[in-house]
Structure formats: structure tokens, C-alpha cells
Amino acid sequence: MADHEINLQIENGKEIDYGVLLYYKYAAIPDLQNLFDFYHSNCTSLSLLGRVRLSSTGVNVTVGGRLRALEKHIEAVKSNPLFEGTDFKLASCLEPVDNQVAKECGFTSLSIRIVKELVTLGSHPLLKSPEISNAGRHLSATEFHSVLQNAGNGQEKSSGSDKKMILLDARNLYETRIGKFDTPDVKTLDPEIRQYSDLPLWIDSNSDQLRGNNILMYCTGGIRCEMASAYIRSKGAGFENVFQLYGGIQRYMEQFPDGGFFKGKNFVFDHRVSVGSLDTNILGTCLLCGASFDDYTSRCRCTHCRMLVLICDSCREKNSSYVCELCQKNGKPVDSVSSMDYMSEEVLEPVSNDHSFYVDQAAESPSSSWIKGQHTDVVTKPIRKLRILCLHGFRQNASSFKGRTSSFAKKLKNMAEFVFIDAPHELPFIYQNHTSETPIPNRCNRKFAWLVSSDYDDRKHDADWSMAKAPFDSLQYQQQTEGFDKSIDYLKTIFSQQGPFDGILGFSQGAAMAALVGAKMEKLKGEIDFRFVILCSGFAVNNIAEYGEGSINCPSLHIFGNKEGKDRQINCEASKHVASLFEKGCSVTVEHDLGHIIPTRSPYIDEIKDFLRRFM
């Protein structure tokens with residue numbers, strides 16, 4: 001097949017002269033600005049509309065226009081050696097007629113943007129992406145079909161190999177609801193994810209189903225499988241045999257016009273909405289009545305998460321509020337959110353300039369256009385606040401920590417909800433022996449700890465005060481290393497009863513505990529699920545000694561006072577040391593000059609907000 005063969009269509013006896021072009025290319029881009037200027041000049045002169053995303057690692061393009069103009073664009077791009085071997089997917093189609101759909105899909109303007117990554121894999125935006133060079137082996141449409149055919153005929157079993165064939169769909173749930181591969185005797189896994197960034201967590205949680213098998217992946221145009229297959233292969237032994245459908249479903253349906261093993265329609269992220277085969281059977285069903293239906297043109301969305309849902313014409317006339325199947329599983333009520341069914345996606349989902357969250361060649365919404373660095377502001381919907389579990393310091397409690405951080409919480413009230421809990425180890429009331437008489441309060445709230453010393457008495461303490469056995473030691477935190485197991489079991493209960501939580505914030509000893517939890521992030525999945533940790537005046541305890549510099553792969557924010565800050569409780573070098581244990585690519589450090597506190601003034605609070613925004 002030619003590398004940009006046109007799939008021509010005839011409509012009312014006339015050859016269509018409009019088309020859509022999709023292509024991506026992973027390659028080191030030496031001069032992004034020069035490439036930006038080329039696309040801006042070329043696409044503008046040819047009157048092409050759509051989206052162009054550029055990064056230091058390659059390009060991702062979806063544009064529409066006259067077929068002759070698209071062919072000229074292809075020839076111009078091919079003249080650049082960087083694009084050698086690029087698969088240009090060019091298909092003829094009708095011009096956009098529904099202006100609302102065209103606008104939402106980005107086909108009413110030209111948007112060229114420089115982004116950090118072409119696709120971002122994972123809900124942890126600070127984690128380093130897998131190496132694209134480690135992606136799965138490409139299979140052409142014919143090879144992919146042959147593998148499925150042989151597996152369906154039982155040849156895989158007769159080969160004597162213990163490896164099973166696993167077919168993995170890398171797309172979102174709403175895409176798979178109208179079309180998917182279906183092969184007899186081949187196990188197909190549909191992660192049923194809301195967005196591409198949810199896929200790594202699903203892979204981690206289902207690695208046992210993948211390990212030791214031959215994994216065949218597919219998506220719309222191929223780019224999602226590049227990164228996802230690399231992620232699977234990065235897991236090491238047992239995950240080597242990963243293959244991907246080169247050119248995606250689009251190339252497969254061109255090769256097999258009757259659909260082959262693909263049933264239903266291929267969801268696309270342009271004004272066509274979906275592309276079918278000669279097989280006209282409908283796979284999708286209306287969310288409300290269950291009738292056969294597969295048309296997303298009405299752009300109905302879940303009122304909670306904004307995911308596209310299938311609502312037939314009849315049900316749409318009777319209802320104005322919809323809850324997708326994923327939100328229904330999570331117990332979301334149908335009538336708790338006002339309907340916003342026809343509001344376009346680009347108005348609802350703004351995306352920052354330096355971080356791309358898009359999922360396939362045409363999977364992104366032009367929430368904002370960047371032409372020569374000019375940004376157009378958009379109206380945004382209210383964003384779900386992050387839920388952050390807060391761990392207080394030694395000899396504190398939830399109430400006192402909440403009071404001390406009230407100003408901090410107020411500064412972040414539009415971004416985060418903070419949940420405060422007491423630690424599980426109750427401490428006795430003690431006082432220091434002073435030469436002058438020191439009044440002892442009659443009543444005092446109980447104090448707690450996450451970690452205790454080896455001589456800690458675990459029996460319930462009474463309300464009487466006792467004199468400390470030794471003078472106050474500013475380095476006492478270094479001896480408080482016991483009690484972790486009880487604390488971790490306690491946190492498992494908290495997450496089960498009060499979760500979910502997006503992150504964990506710890507202060508002083510609470511930060512030491514949060515660091516230990518962050519270090520065990522992978523092992524704790526399913527019991528303590530979170531996306532990041534925030535360590536304020538943190539330090540490392542002996543329990544974390546097994547971890548070397550940069551070995552903890554958990555998104556983290558480290559906040560501590562510098563030498564000028566004179567944190568009299570925790571030496572800044574101790575905080576720097578624990579920060580060094582976290583991988584540099586997924587950690588952020590904020591040093592301030594304010595001592596043993598969490599800063600609330602600029603520029604520190606602005607840096608904290610920037611960190612949190614990456615998870616919203």
C-alpha cells in the first residue's frame with residue numbers, strides 16, 4: 001500500500017474532494033520553532049483546519065481540507081528527512097456540516113501547539129514516560145488479521161506453547177461501546193477506562209492477566225499503542241511479547257472493508273465521529289433504553305464526569321440528565337448535577353500549554369489554540385477538588401493540625417479538600433522540669449504519633465501529667481522508628497472508610513510517615529491508592545534506609561525551610577536527604593525562609609498550586 005493512499009468515496013454520483021489526514025511520527029526534533037513555523041505557513045497557505053501538536057519527541061497531526069491541498073501538505077512534509085517512513089492516513093469524506101460537532105472536534109480553526117509530550121500516559125503527570133524505543137513490535141493489518149485468524153482456528157494451542165493470545169483494547173470505554181475486535185477463542189480485554197491516563201493503573205492492576213502471554217494491542221490510529229506497549233514492556237520479564245496494530249483500526253478497516261474481525265464502527269476524533277465498514281450491524285446500545293444505537297453526533301455526556309454516552313433520539317427528547325455506566329458503578333445519582341449535554345468539550349476541558357493529555361491522532365479537544373505563543377482563554381467548568389489526607393506531626397492531633405493549617409487550606413480552597421485524622425499511637429501527657437514553677441493545664445486534648453521510640457508503652461494512657469525522664473532533645477525524631485506496621489494498618493482502614501484520596505500530605509513526623517507510604521506505593525495498591533505525596537519539613541527514618549537516591553518512583557512535593565529559615569525542629573539537610581530519595585523526574589522541591597511551617601505567601605504558595613494543578 002502506498003504510504004498515503006486515498007480512500008475515495010462517491011456521494012450522489014460525484015467524487016468527494018474533501019478529506020481528513022492523520023499521521024504521527026516519533027523522532028528527535030532539533031528545532032521546534034522552525035518546525036512550528038513550517039506548519040503554520042504550510043497549513044495556512046493550504047487552508048487546512050485541525051490540530052497540530054509538536055514536541056521535542058515528534059509530531060501528532062489531524063487536519064482536514066481539500067484533497068489536493070492535503071496531498072500537497074504530505075509532499076511538503078515528506079521532503080523533510082525527519083518524516084521518513086511516516087504513515088500518512090488520508091481519507092476522503094464529506095465536509096463538516098454540523099458546526100457544533102466540527103467545532104468540538106477542532107475542525108473550524110487551525111490549532112498549532114508545542115507540548116511537552118504527544119501523549120501523556122498515566123494519571124501521575126510528573127512520572128517519567130516509558131522509552132518509545134521500547135514499544136511493541138508493529139504488525140501490519142494483514143499480519144494482525146492473520147495472527148487473530150490462526151489463534152481463532154486453534155493453531156496457537158497446537159503449537160505446544162504455554163503462552164496465550166491476549167487482545168488488549170487501548171481505547172476509552174465510549175469508543176469500545178460502538179466497535180471492537182471480536183475473535184472466537186481469543187481473550188479480549190477491555191479496560192473500560194474513562195481516559196487514556198487511566199490505562200497504566202489498569203495495566204498495573206491486571207498485570208497477572210498479561211504476564212507470560214502474547215499481547216496484541218490496538219487503538220484508533222496507532223499512537224496510543226506506541227506508548228502503552230512501551231509501558232507494558234518496561235515491566236520486565238514476562239512482558240516482552242507485545243505487538244501492536246500498525247496504523248490502528250483505520251488501516252485495518254481499509255485493508256478489510258467488510259470489517260474482518262472488527263465489529264461495529266471505529267470512533268474517530270474528527271467531524272466524521274465514526275467510520276463503519278460494509279457490515280452495517282450496530283454494536284452500540286442506548287444507555288437508557290438499551291435499543292441498538294451507535295451515533296455520538298448529539299454529543300450527549302455524563303453529567304458527572306463529562307464522558308460521552310449513547311442516548312437514542314427518543315430518550316434524548318424525554319431526558320436531559322445522563323449518568324454513564326462508570327459513574328453508575330460508583331453510585332453516582334442521576335439527578336444530582338444539572339444537565340450540560342450540549343456544551344462543547346473544548347469549553348469544558350482546558351489543557352495547559354506545557355502538558356498534553358491527549359490520547360490518539362485526533363483524540364484531543366482544541367481547548368485553547370497556541371499560534372506563535374498567543375493563547376485564547378476559554379470558559380471552564382468547575383473542576384473536582386483534590387482530596388488530600390493530612391498526617392500531623394509528633395505529639396499533635398488532627399484538631400491542632402487543622403487549626404495550624406487553616407490559612408494554608410483557605411489559600412487552596414478552590415483546589416483541594418483536606419481531611420485530618422489522628423495518628424494511631426496515643427502519647428502520655430508529659431512536661432519538662434523547669435527551675436521555676438510551670439502551671440500544668442487541667443484539661444488538654446490527647447496527643448498522638450505515627451512513629452514511636454522503642455520504649456513506648458502501648459497501654460492506654462490516663463489523663464495525669466508526668467515529668468519527662470530526660471531533657472528535650474531536638475533530634476528525638478531520629479529515635480522514633482517503631483510502630484510503622486500499626487500505622488500502615490490504620491491508614492488502610494482510613495482509606496477504606498473515608499477514601500478515596502488523591503494525595504497524602506504529611507508534616508514533620510507525618511511527612512516521614514508519608515515518605516514511607518510513598519516508597520511502598522506499588523505494594524500498597526488496592527489498599528492505599530493515591531497519586532502523590534506532599535512532605536512538609538520531612539525527614540527519613542531508618543525504615544526507609546533500603547532506598548537509594550532517586551529510587552522512589554512516586555510523584556512528590558517537598559516543602560521545607562532553607563538554612564536561612566532556621567527550622568529548629570527538622571534540619572533542612574534532613575529534608576533535602578529524604579527529597580533526594582525520590583526520582584528527580586517526578587519530584588518538586590519548594591525551599592522557603594519561614595522555619596518549621598507550611599508557607600502560605602507568594603511565591604511559595606504559587607509553586608504549591610502549580611504542583612496540584614497537574615493532578616486536576
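**Charged residues and salt bridges**

Trainee: Is Arg224 buried or exposed?
Mentor: This is a predicted model, and the areas are computed from it. Buried means under 20% relative accessible area. Arg224 has a relative accessibility of 0%, so Arg224 counts as buried.

Trainee: Which residue forms a salt bridge with Arg224?
Mentor: The closest N and O atoms of the pair are 2.8 Å apart. A salt bridge needs such atoms within 4 Å.

Trainee: Which residue forms a salt bridge with Glu192?
Mentor: Glu192 has 28% relative accessibility and so counts as partly exposed. The closest N and O atoms of the bridge are 3.0 Å apart. The partner lies in the loop between α6 and β11, 15 residues from Glu192. The partner is Arg177.

Trainee: How many salt bridges does a search of the whole structure find?
Mentor: One of them joins Asp270 and Arg272, with the closest N and O atoms 2.8 Å apart. A network of salt bridges links Arg177, Lys180, Asp190, Glu192, Glu325 and Lys329. The search of the whole structure finds a total of 26.

Trainee: What is the relative accessible area of Lys410?
Mentor: Lys410 lies in helix α15, residues 406-411. With Lys385, Lys411 and Lys413, Lys410 forms a positive surface patch. Exposed means over 50%. Lys410 is exposed because its relative accessible area is 60%.

Methods: Residues numbered from 1 in each chain as written. Predicted model: local features only at pLDDT ≥ 70, side-chain atom pairs only at ≥ 80, totals over all residues. Heavy atoms only, no water. Patch = residues over 30% accessible without salt bridge, like charges linked within 9 Å, V, L, I, M, F, W, Y side chains within 5 Å. Areas by Shrake-Rupley, 256 points an atom, 1.4 Å probe, with all protein chains shown as cover. Salt bridge = Lys/Arg side-chain N within 4 Å of Asp/Glu carboxyl O. Lys, Arg positive; Asp, Glu negative; His and termini not counted. Charge placed at Lys NZ, Arg CZ, Asp CG, Glu CD. Helix = DSSP H or I, 4+ residues; strand = E, 2+ residues; numbered from the N terminus. Buried < 20%, exposed > 50% of the residue type's maximum accessible area, 1.4 Å probe, protein only.
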